[in-house]
Amino acid sequence: MKITKEQMIKLYTDMVRVRKLDETLINGLFAGKVQGFYHSQQGQEAPGVAACALLSKDDYLFYTHRGHGVGKTLPKGVPARAIIAEHYGKATGSCGGMAGFHTCEIELGIPGLGGTVGGEFTLASGMGIAAKMRGKGQVVASFLGDGATGRGTFHTAMLMAANWKLPVVWICENNLYGQFVPISIAYPKENIADLAFGYGIPGVIVDGQDVVAVYETVSTAVDRARAGDGPSLIECKTYRFRPHLEGFPDFIGAGLRNEEEVETWKKRDPIELFRKGLLEQGILTGADIERIDHEAAEEMEEAEKFASESPIPDPEILKTALYAD
Amino acid sequence: MREIMFKDAINEAMTEEMTRDETVYLIGEGVSRDPWGTSEGFFEKFGEERIRDSAISETAIVGSCVGAALAGYRPVANIMFSDFLAIAADETLNKAAKWRFANGGKVTIPMVIRAPIGGYSKTGPEHSQCTEAFVWHAPGLKIAIPSTPYDAKGLLKTAIRDNNPVIYFEHKALMGTTGEVPEEEYTIPFGVADIKREGKDVTIVATAFMVQMSLGVADRLQKEKGISVEVIDPRTLEPLDIDTIVASVKKTKRVVIVDEDVLRCGVTGEIAAQIMENAFDFLDASIQRVAAANMPIAGGFLEQYILPQPKDIAAAIERVLS
């Protein structure tokens, strides 16, 4: 499906908003307002934004700890205030302050998150079973990093989805590192997309810094899933600009990440690249760019203020949160 | 009243619930032909979309149930042997048990894992276990464990209708046992223990196959020594009907807790602690426990030295009375 100008502007706007939210959470952490931790996703805005432009609220999505999902949850419709308030531990947070960094908005197709890397793959296949049985063309987007492919659940979930032609789109953001472990020692090949071959499903590689390329690639996979033809694996080649975990040095293995490598990748900032293209094509003007930037900043400022002023949770919630009626 | 087998009671519960609610489906390895005969007629009635024979992937079987439940369906998994729950430990203890709580109590996870338990079939350490303690320790799960066909049917229907993850333990040695089961539809609520045998000298608390073994010992001791044993079957461990247990203890003042699983850190310890907390002043003797030896369950001829035997229950009753 050829992408329209309006869709491109939305992609750009959402990437800007995601970046601003990421910055806001980092500031909140260093201001002592974020109660737990934060794993920045700067540099990886494109895959989530592109995928969410192809999904409706009836489609399901599992995100990862990278950016605590902001690159997916925000473009899928979760209010920034709910995300920040959750990080601030407030009662108005997406999980009522219970999780500290999860986003759970099931009406938007976001069921939440667990705490083990790769713990959601099999759940994604299960949502695929439900979607298939319901027969309304729902799709499940299951995001993963390169590190998560080490889990056995990656295999069992993929196997189930391939066997039963479940409507799951696996989107791997290969940023070359799993926590502090480089992919070169965690995986014996260069391309994670190769794993798809073992299951007889499409495995496609795409430049993760090119939001339109990701959009077009995911579009094919989503259409395939909606048509009942089964799952796909998409590998986005991407990179995280900041350390794995905020407040820590940029550890890799027993040393530090190579600064030259970081600087080289920063030249391929997905937002800058797209902005350049949109300006060149005359789809956006300089004034538009400024306006989008300004609106995003205002949005996050308002959301942060809301979170700051929200109350902390009443422990009464602990009594009803364990079991449903 | 008609008498039917335990396995057929399970079959009826599944058939009724799957007929009643199209979001209920069954998933597991070879569930279209369950080794213990609980699946007769399923595939013909409900087809391959709702009777899903999976690859040998316990993590995907259990994990997919969590996902399907989140997406509005009511899956029932059959894990074939409860020993295999360990393969899906993250999916059971961290995902199924904790997801709702960790995500602010905003979602429900209506799923059932049917887990065949039990030994006395000489099938060795990883095909004979009773793993109730393993899951009871994770808050967020409910646990049902029938000892009769009547309880099997009523508890399974309730488990499927419950909006929480339920582990339903079905004992393999009970599959061919028979009991009265009404034709009319009924359910059994969770958290209601059943007094399987009334007595006044000693209280036995037991589950699953140990209920039947205890009843046999009770009958023998009544005949041979005039000892009157009351047998309490909790039927669900979570929620646990401690009130019925305590009422019995207040009456008899002597308790023997019988569990087929390993003694250490098991079901007997938890129930004993709760009895002590609630009825300490009523006890005339220390609580006796009968459980499996602290070792894996050997196969073949050595199994009998590890799993509880009727003489162990009789000896515990004599001890608590002495």
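This is a predicted model: local features need pLDDT of at least 70, side-chain atom pairs count only at pLDDT 80 or more; totals for chains, interfaces and linings use all residues.
View 1. Strand β6 (residues 203-207) of chain A runs parallel to β7(A), joined by 5 bridges; strands pair if DSSP finds at least two bridges between them. Helix α8 (residues 211-226) of chain A carries the chain from β6(A) over to β7(A) in a right-handed β-α-β crossover (clockwise from first strand over helix to second, with the strands pointing away from the viewer). Helices (H or I, at least four residues) and strands (E, at least two) are DSSP runs, numbered from the N terminus.

**View 2. Strand β3 (residues 168-174) of chain A pairs with β7(A) too, parallel and over 6 bridges.** Look for A:Ile171, whose bridge partner in β7(A) is A:Ile234. Residues are numbered from 1 along each chain as its sequence is written, and chains are lettered from A in the order in which they are written.

**View 3. Strand β7 (residues 232-237) of chain A has 6 of its 6 residues buried, so it's largely enclosed by the rest of the structure.** Buried means 20 or more other C-beta atoms within 10 Å of a residue's own, with C-beta atoms placed from the backbone. On one side sit A:Ser232, A:Ile234 and A:Cys236, on the other A:Leu233, A:Glu235 and A:Lys237, and both faces are covered.

Methods: A residue is buried if 20 or more other C-beta atoms lie within 10 Å of its own, exposed if 12 or fewer, and partly exposed in between; C-beta atoms are placed from the backbone.
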